[in-house]
Amino acid sequence: MKEIYFAGGCFWGTEHFFKQIQGVVNTETGFANGRDDIKNPTYEQVYTDGTGYAETVRIEYDEEQVGLAFLVNMFFAAIDPLSHNKQGHDEGTRYRTGVYYTLEEQLPTIQQVFHEQQAKYTEPLAVELLPLRSYYPADDYHQDYLDKHPDGYCHLPLQLFRWARQQKSSVR
């Protein structure tokens, strides 16, 4: 199993989106790449935008079923890559977008997808591409939120979840 971390705005929808994809074996909501002096932040702390943490989803995937490039492209399909610190109605640094990798060997693949995505726009992408410096899981309340609360708030349209289920995974 491999892992990658995606910050795609509100983590409830981002987590639910990735759970639809064949080859994703586990997801977890949490907070990534914040201030070094703040360990294990609470949702309430992160919500103030004073911690520097982004709402992030840890994705564990079976690389024999789905490739990293496919997952990063799916991530771009679920975000507005030109929006800075905002996705849908959610605003603030905690809602910034980013791809955080854990293995240096992942970087060339991610950079290639970023290059392909950037070619679609005249403005620069507002998506961070950084190594994962820190990650802390969110409270149980935030895990699998949209499974527990099907009518709960989500910045992503419902049809995007259906679309994700229909995509054929690629090991590229």
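Me: Which residues of α1 meet Leu160, Phe161, Trp163 and Ala164 in α6?
Reply: Gly13, His16 and Phe17 do, with contact meaning heavy atoms within 4.5 Å. This is a predicted model, where local features need pLDDT of at least 70, side-chain atom pairs count only at pLDDT 80 or more, and totals for chains, interfaces and linings use all residues. Residues are numbered from 1 along each chain as its sequence is written, and side-chain values use heavy atoms, leaving out hydrogens and water.

Me: How do α1 and α6 cross?
Reply: Two packed helices are described by the angle and the distance between their axes. Here the axes of α1 (residues 11–19) and α6 (residues 158–166) come within 8 Å and cross at roughly 30°. The two helices are therefore roughly parallel (angles under 35 degrees). Helices are DSSP runs (H or I, at least four residues), numbered from the N terminus.

Me: What does the largest nonpolar core hold?
Reply: Nonpolar side chains tend to be buried together in soluble globular proteins. A nonpolar core is a set of buried Ala, Val, Leu, Ile, Met, Phe, Trp, Tyr and Cys residues joined through side-chain atoms within 4.5 Å; buried means under 20% relative accessible area (1.4 Å probe, protein chains only). The largest one here has 45 residues, and Ile4 and Phe17 are among those with the most contacts inside it. Helix α3 (residues 68–77) gives the most to this core, with eight residues.

Me: Is Arg94 buried or exposed?
Reply: Arg94 counts as buried, because its relative accessibility is 6%. Among the residues Arg94 touches are Val46, Tyr47 and Asp49.

Technical notes. Buried < 20%, exposed > 50% of the residue type's maximum accessible area, 1.4 Å probe, protein only. Axes fitted to C-alpha atoms, helices over the stretch in contact; angles between N-to-C directions. Parallel < 35°, antiparallel > 145°, perpendicular 65-115°, else oblique. Lists of a residue's contacts leave out its neighbours within four places in sequence.
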